[in-house]
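Here are my notes on the model you sent over. Have the structure open while you read.

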Amino acid sequence: MTLQIEHLNKSVHALDSFSNEEEEIEHFLKLRAEIEYDQNLSETHVLVNDEQRNIILGYFTLSPNSIRVNKIPEGIRPNAPYPNVPTTLLGRMGRNKLAPKGLGIILMKEAMRISLNGIRFFALELHAKNDQLVKYYSRYGFMLLQGSNRPMILPYQEVYDTVMN
């Protein structure tokens, strides 16, 4: 069995095969992902195994975004003449509750790899849903934006280093 990332395709991937403890994560994949893709708002990528490509083991979304420069921690704040800098937003990420544990890191690293293939950005951004996820993402170098308790960023160079090592 080989795991692979593919663009979500309703004619290949069985959306009903995906189940998650959080209704919002499941609802997005089944009802919003294709709409947001058609409206050029986000891309959804699914993790499957090559023996059963129709079964979705996990997914994530990526979209362009921006953050205010004054929210970036002092040590990494760019000297930009703009009020905002570009980011790639890791918007949603979820694992099928029937899939093996440990796929979250695979999904996150694949999101990083794919984001590097697009236009340059200052950081990979995400919005942690709770304090437990803030701690989880912090282990991988993500840092909170100033004055916030959930938006987090990982600077481009760290994304690059993670993917290339």
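Predicted model: local features only at pLDDT ≥ 70, side-chain atom pairs only at ≥ 80, totals over all residues.

The points below go from the sheet to its helices, then to one histidine and the pockets.

1. Residues are numbered from 1 along each chain as its sequence is written, and side-chain values use heavy atoms, with hydrogens and water left out.

2. Start with the open sheet: seven strands in the order E1-E2-E3-E4-E5-E7-E6, with mixed pairing. Strands E1 (3–7) and E6 (143–144) sit at the edges with a single partner strand each, so one side of each has no neighbour in the sheet. (Strands, at least two residues of E, and helices, at least four of H or I, are DSSP runs numbered from the N terminus; two strands pair if DSSP finds at least two bridges between them.)

3. E1 and E2 (residues 43–49) run antiparallel and are joined by five bridges. Look for His 7, which stands opposite His 45 in E2.

4. Helix H2 (residues 103–116) lies across E1, E2, E3 (58–68), E4 (84–95), E5 (123–127) and E7 (151–155), at about 50° to E3. Helix H3 (residues 131–138) also packs on the sheet, touching E4, E5, E6 and E7, and its direction makes about 5° with that of E7. (Axes are lines fitted to C-alpha atoms, for helices over the stretch in contact, with angles from 0 to 180 degrees between N-to-C directions; contact means heavy atoms within 4.5 Å.)

5. Is His 13 buried or exposed? His 13 is in the loop between E1 and helix H1 (23–38), and at 3% relative accessibility it counts as buried. (Buried is under 20% relative accessible area, exposed over 50%, partly exposed in between, with a 1.4 Å probe and protein chains only.) Leaving aside neighbours within four places in sequence, the contacts of His 13 include Glu 6, His 7, Val 46 and Arg 53.

6. The largest pocket holds about 790 Å³ of space. Of its 26 lining residues, the closest to the centre are Glu 22, Met 93, Gly 94, Leu 133 and Tyr 137. E4 gives the most to this lining, with six residues. (On a 1 Å grid over the protein atoms alone, a pocket is an open set of points where a 1.4 Å probe fits, with protein on both sides within 12 Å along at least five of seven lines; lining residues have an atom within 4 Å of a point. Points are joined across faces, edges and corners, and a volume is the space filled by probe spheres set on them.)
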